[in-house]
Amino acid sequence: MVRHRQAPRPAFESQPKTHPLIWCAAIICTLITIIVIITGMVVFIGYLVIRPKMPYVSVQYAHLDRFDYTQAGVLNTEITILFKAQNDNLQAHASFSDFIYYLNFHGMKIARLKNMPFEVDKNSSKLFNYDVQSFSIPLDPDHMAMVDRSLKINKISFDLWGHTRTRWRVGPFKSVKFWLRLNCQLHFQVGGNSIGSHCSSKSK
């Protein structure tokens, strides 16, 4: 008598179930990605619509009120400098911070010009006047020779350099901060206005 053997039944391995926390993490990451993409699209479209311009700072006016030194080599000088912070955006406000500039005379620091953070409304500007008084500055022989030479040609030069940080803002959206840098020379006639001086962070 022939017995028929039954075919072995295939063994099915049970697949491990995904932990609910992993599903939650995946859903949260997906939502964050979608939010980032939507926010980026909104900012990009807003940028194309508004086309914001870079705010800038410049020297609007400068005047050498006093410049003399004694035979002992002591310099006394007084300069009026009018800064202008300009925002040409028609739909965006602008903020300025880290407003620090230095006034030098042939490498010798005369003064530091500083301002607190401030904002400029859209399509507007603000002016800041500085009365820079620097008295009893001792000069070495090289600087004394420079003063004599400057007085003879009636042209006094000062170096102005420094930086400001700025950003534009439309509603809740803000741009990254940009550095605005000045590095220029202010030329004066003795007791006169600045001559031939272009000093602005805006590209020519």
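**View 1. Serine 201 is a buried residue, at a relative accessible area of 19%.** Buried here means under 20% relative accessible area, exposed means over 50%, and partly exposed is what falls in between, with a 1.4 Å probe and protein chains only. This is a predicted model, where local features need pLDDT of at least 70 and side-chain atom pairs count only at pLDDT 80 or more, while totals for chains, interfaces and linings use all residues. Residue numbers start from 1 along each chain as its sequence is written, and side-chain values use heavy atoms, with hydrogens and water left out. Serine 201 sits in the segment after E9; helices (H or I, at least four residues) and strands (E, at least two) are DSSP runs numbered from the N terminus. Leaving aside residues up to four places away in sequence, Serine 201 touches Tyr56, Val57, Leu180, Arg181 and Leu182, a contact being heavy atoms within 4.5 Å.

**View 2. Cysteine 184 and cysteine 199 make a disulfide.** A search of the whole structure turns up 1 disulfide, defined as a pair of cysteine sulfur atoms within 2.5 Å. The two sulfur atoms are 1.9 Å apart. The torsion about the S-S bond is about -45 degrees, so this disulfide is left-handed. Cysteine 184 belongs to strand E9 (residues 178-188) and cysteine 199 to the segment after E9, so the link ties together parts that are 15 residues apart in sequence. Buried or exposed? Cysteine 184 counts as buried at 12% relative accessibility, and cysteine 199 counts as buried at 5%. Elsewhere, cysteine 24 is partly exposed at 42%, and cysteine 29 is partly exposed at 49%.

**View 3. Strand E2 pairs with E1 and with E6.** Two strands pair if DSSP finds at least two bridges between them. E1 and E2 run antiparallel and are joined by 12 bridges; E2 and E6 also run antiparallel, with 13 bridges. For valine 59, the bridge partner in E2 is phenylalanine 83. On the E6 side, alanine 85 has lysine 126 as its bridge partner. E1 and E2 form a hairpin with 4 residues between them, and glycine 73 in the turn has a positive phi of about 85 degrees. Of the 14 residues of E2, 12 are buried, so the strand is largely enclosed by the rest of the structure.

**View 4. Phenylalanine 83 is among the residues with the most contacts inside the largest nonpolar core.** That core has 38 residues, and Ile81, Leu103, Phe158 and Leu160 are also among those with the most contacts inside it. A nonpolar core is a set of buried Ala, Val, Leu, Ile, Met, Phe, Trp, Tyr and Cys residues joined through side-chain atoms within 4.5 Å. Elements giving two or more residues to this core include strand E1 (56-69), strand E2 (74-87), strand E6 (124-138) and strand E7 (156-170). Which residues does phenylalanine 83 touch? Not counting residues up to four places away in sequence, its contacts include Ser58, Val59, Phe99, Tyr101, Leu113, Phe128, Leu160 and Leu182. The whole structure has 13 aromatic pairs; rings of Phe, Tyr and Trp (its six-membered ring) pair if their centres lie within 6.5 Å.

**View 5. The hairpin of E3 and E4 puts histidine 106 at a positive phi near 50 degrees.** E3 and E4 pair in the antiparallel sense over 7 bridges, and tyrosine 102 stands opposite arginine 112 in E4. The hairpin has 2 residues between its strands. Histidine 106 is in the loop between E3 and strand E4 (108-115) and is partly exposed at 35%. Aspartate 98, in strand E3 (residues 93-105), also has a positive phi of about 50 degrees although it is not a glycine. Aspartate 98 counts as partly exposed at 35% relative accessibility. For background, most residues other than glycine have a negative phi.

**View 6. Zoomed out, the protein has 2 helices and 9 strands.** Along the sequence, the pattern reads α-β-β-β-β-β-β-α-β-β-β. Buried residues make up 34% of the 204 residues. Among contacts with a separation of 6 or more, 69% come from residues 24 or more positions apart.

Note on methods: Rings of Phe, Tyr and Trp (its six-membered ring) pair if their centres lie within 6.5 Å; planes under 30 degrees apart count as stacked, over 60 as edge-to-face and the rest as tilted.
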